[in-house]
Amino acid sequence: MTMPSTLDSLELRPPEQRERQLMARLPQLVALAKAAAGWSRILKDVNASDITSRAALAALPVTRKSELHALQQQQAPFGGLNTTPVAQLSRIYMSPGPIFDPEGRGKDWWRFARPMYAAGIRAGGVLQNCFSYHFTPAAFMVEGGAARIGCAVIPAGSGQTEMQVQAIHALRPDAYVGTPSFLKIIIEKAREMGVDISCIKHAMVGAEALPESLRAWFAQHGMRHVLQMYATADVGSIAYETRSGDVRDPGMVLDEDVILEIVRPGSGDPVPDGEVGEVLVTVFNPDYPLIRFATGDLSAILTDAPPSPCGRTNVRIKGWLGRADQTTKIRGMLVHPSQVHDIARRHPEIVKSRLVVSGKVAEESMTLHCEVGDPAAADASTNAAIVDSIRKVTKLRGEVRFVAVGSLPNDGKVIADVRDYQ
């Protein structure tokens, strides 16, 4: 039997072994983080030696990507979340916001070799790197992965489409890395110029959604092996697609140095496997450890698929399913998902909730749909108590509707804005 083609044996670990080893590493990670000023404040009441399980991890505070700008304003440049001094880092990036992100000097610091290897990129190959080299880290994520694998890089960056085609024609790379939309532009430009770019056999794409219609378009134009990956500028690689032969495997497999939690948006409470929620990650990074870091993205753990034919045994997610930040302005007041969670937390009978905003703008109404064990048994006093909580938390009037457990859509939405904007 041929062994699966993986970067290393970590990807083939029995799931129970992987879980034990990740949990065993947690106390050291928390202790490392607490040596940084920012994490010391966030984790001030936490005993690192106690954090040895998912339950213990789930009791720790959530640090949100949306909070990074404010944290960095308080303590430049990284909010005190870095454990390596700034002068000892390799690079400092600036994303819109601005938000500053560090890169240390470790090998494959962003852990990009795994998704690139899964996409078919190998030692001795040549890849055209079409992520931007300007201020943001994506291109350098690819550089780190390529160095670990042992392939050459054409630092093409983004733009200059005609030169991109000329480089492919002259240098014959076998792989493309960049956004899917730019790959489509390059293919169209090559057809317009009458240039053969069939040397590109593999593509790893990211930074934007890859709809199935575009994936089918790639296949029609000779690009059958296009896999996407999920990464952020603060975390690096989180998950990535794999394939077995010419067949794409279901979902995206998690990186080996990431602990994933899927939580109810606006909270830190894990949801049942399969339910859509916000992606929280804990990352074992010696220079920039992240503990219960909320990305603001929605996803779900894949529960209805058999073990992956590619041989990788880690948890798989459904991929990027949207954004968790559903903050909505209602009659001049901002209502946040965390407020909806706060209302539900005050009433133990609520299993799950969803605030629905309807009607015309300026004349809208809001109704809190509450999953409860027996909707018919919910009395007027229960209704009145929840209505009072809505008013106290949001400063707005709202109604309550009780529904059966499992009735609300599994889409990760805590606030559904269905107003008529016409």
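User: Which residues in H7 meet which in H8?
Analyst: In this predicted model, Thr161, Glu162, Gln164, Val165, Gln166 and Ile168 of H7 are in contact with Phe182, Ile185, Ile186, Lys189, Ala190 and Met193 of H8.

User: How do the residues of that contact divide into nonpolar, polar and charged?
Analyst: Seven of the residues in the contact of H7 with H8 are nonpolar, three are polar and two are charged.

User: And the geometry? At what angle do the axes cross?
Analyst: Roughly 75 degrees, with the axes of H7 (residues 161-171) and H8 (residues 180-193) coming within 9 Å. Angles of 65 to 115 degrees count as roughly perpendicular, so H7 and H8 are roughly perpendicular to each other.

User: Changing topic. What does the domain assignment give?
Analyst: Domain 1 covers 10-323 and domain 2 covers 328-417, according to the domain assignment. Taken over C-alpha atoms, the centres of domain 1 and domain 2 are 35 Å apart.

User: How many residues does the contact take from each domain?
Analyst: Nine residues come from domain 1 and nine residues from domain 2.

User: What area is buried between them?
Analyst: About 740 Å² is buried between domain 1 and domain 2, and carbon and sulfur atoms give 55% of that area.

User: How many salt bridges are there between domain 1 and domain 2?
Analyst: The count between the two domains is one salt bridge.

User: OK, and what does glutamate 275 form a salt bridge with?
Analyst: Its partner is lysine 352, and the closest N and O atoms of that pair are 3.5 Å apart.

Note on methods:
Residues numbered from 1 in each chain as written. Predicted model: local features only at pLDDT ≥ 70, side-chain atom pairs only at ≥ 80, totals over all residues. Heavy atoms only, no water. Axes fitted to C-alpha atoms, helices over the stretch in contact; angles between N-to-C directions. Helix = DSSP H or I, 4+ residues; strand = E, 2+ residues; numbered from the N terminus. Parallel < 35°, antiparallel > 145°, perpendicular 65-115°, else oblique. Contact = heavy atoms within 4.5 Å. Nonpolar A, V, L, I, M, F, W, Y, C, P; charged D, E, K, R; others polar. Domains from an automatic or database assignment. Buried area = accessible area lost by both parts, 1.4 Å probe. Salt bridge = Lys/Arg side-chain N within 4 Å of Asp/Glu carboxyl O.
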